[in-house]
Each structure stands twice: as structure tokens, then as C-alpha cells.
Amino acid sequence: MKRFILAITGASGAIIGIRLLEELLKTSEVHLIISDTASKITLSETGIDLSTIAEETLRKKFNTDSLFHYDNDQLWAPIASGSFKIDGMFIVPCSMKTLSAISNGYAVSLVERAADVTIKEKRPLVISPREMPLSSIHLENMLKLARLGVCIAPPIPAFYPKPATVQEVIDFLVGKILDCMKIENDLFKRWGGKT
Ligand SMILES: Cc1cc2nc3c(=O)[nH]c(=O)nc-3n(C[C@H](O)[C@H](O)[C@H](O)COP(=O)(O)O)c2cc1C
């Protein structure tokens, strides 16, 4: 079983992170961090209250034993160390604040430290930065990480699969994010050329 870190940070679109969590848990062990702002945004955008949720409750909700949950200040967690082996890390969605911290090596929170470790250990990191519009500060931070091999996968939908519902848009985004980590999925209709 593969082992991934998933961080949900305080940008709009927590539902994409939650859908990704569901998919990852089908085949993988997941180590989950949800920032404080992400918990609040999740509650306001989806009605799901993650602020006081315990690992046991999360395991019941997702019907799994392969889910581990950490608070964002838990810097002594195993995932804060490069000696704890993981197959990759996702940050979905990724706020501009977390993006900035990572691109500057400023590892204060567990999300930032785990990402810093993932980069130094040369393991795959996929981030989904969400802001609109983007300033040159945001773009420079993304460029710096892209040059280090980080996959920058913003939550930008495509319309060639002709999505009819928001759920289909979310599945497309999650499918593309999984593609970045080379995880097989059929969450969206792939472009097959003109028929
Ligand atoms: C309702 C709400 C929506 C937000 N949406 C975004 C967003 O889409 N992108 C972003 O970069 N920041 C957004 N922010 C600001 C971040 O949450 C803020 O910068 C925070 O410090 C991020 O911290 P974190 O990355 O540790 O979660 C939003 C804040 C709130 C309250």
C-alpha cells in the first residue's frame, strides 16, 4: 500500500481536497493535515465541521483504518521527518500563504515542514494553488517550486469533457491531480481526438 500526505489549507475549494481524500483512501494510506483556516472554510463552503474532528471519527466517516490525522502545529509528527518514508504529498487546495512559505523554506506549520521535507528528499509534491487573479508574487513562488520539480496543478476546469454538474468538475480536477502523482484513475473523460 502506498503512503501519501494530504494537506488541505485555507483556500477556497476544500471540497476538492475532501474528494481527493476519498479517492486516495481506496488504495493508499493517507496522513492528513487540515490547517485551522481550512477547517473554517470547509465548514462555510460545505457544512462539514472538521475543526474538532478526531482521527477515530474520520476513520469511521471514511470507513478505513489507513487514515492518520495531525494538527497543523504537531511538528513532532512522523511526517515532519525525512526518515518517515512517504510516496508523495498533495496540498489541495493550497493557499498563497502556504505556497509562499514553502517556496521560501519557511517551515513553521506541519504542512510547511512536511512539504519542505518532501522537496529536500526529492519525493513527488503536487500542489493545487488557488487564487484569482494571481499576482507576480504568487507566480514567482509557483515558478520557483515548478523548477524544483513540484507539480503545480491549480483547480482550473476544462470544458472538453462537457461537465454537466459541479461534481463532474470536481472529479475532473481530482483526476488531473491524481495523474500528476501517476495514480491510475478514470474520474474524467479523457480527450481522444475528434470522432
Ligand atoms: C473564506 C476565506 C476564503 C479564502 N480563500 C483563499 C483563497 O482562495 N486563496 C488564498 O490564497 N487564500 C485564501 N484565503 C486566505 C487564507 O485562508 C489565509 O491567507 C490563511 O492565512 C492561509 O493559511 P493556511 O495556508 O495555513 O491555511 C481565504 C480566507 C478566507 C477566510
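Modeller: Let us begin with a pair of residues: Leu6 stands opposite Phe90 in strand S4 (88-94), where strands are DSSP runs of E with at least two residues, helices are runs of H or I with at least four, and both are numbered from the N terminus. Please keep in mind that this is a predicted model, in which local features need pLDDT of at least 70, side-chain atom pairs count only at pLDDT 80 or more, and totals for chains, interfaces and linings use all residues. Residues are numbered from 1 along each chain as its sequence is written.

Biologist: How many bridges join S1 to S4, and do these strands run parallel or antiparallel?

Modeller: In general, two strands pair if DSSP finds at least two bridges between them; here four bridges join strand S1 (2-8) to S4, and the two run parallel. S4 is also joined to strand S5 (125-129) by four bridges, again in parallel, and there Ile91 has Ile127 as its bridge partner.

Biologist: Which residues of S4 point one way, and which the other?

Modeller: Gly88, Phe90, Val92 and Cys94 point one way, whereas Met89, Ile91 and Pro93 point the other way, and all are buried, a word that requires 20 or more other C-beta atoms, placed from the backbone, within 10 Å of a residue's own.

Biologist: What does Met89 touch?

Modeller: Contact requires C-beta atoms, placed from the backbone, within 7 Å; leaving out residues up to four places away in sequence, Met89 touches Phe4, Ile5, Ala114, Ala115, Thr118 and Leu125.

Technical notes: Contact = placed C-beta atoms within 7 Å. Buried ≥ 20, exposed ≤ 12 C-beta atoms within 10 Å, placed from the backbone.
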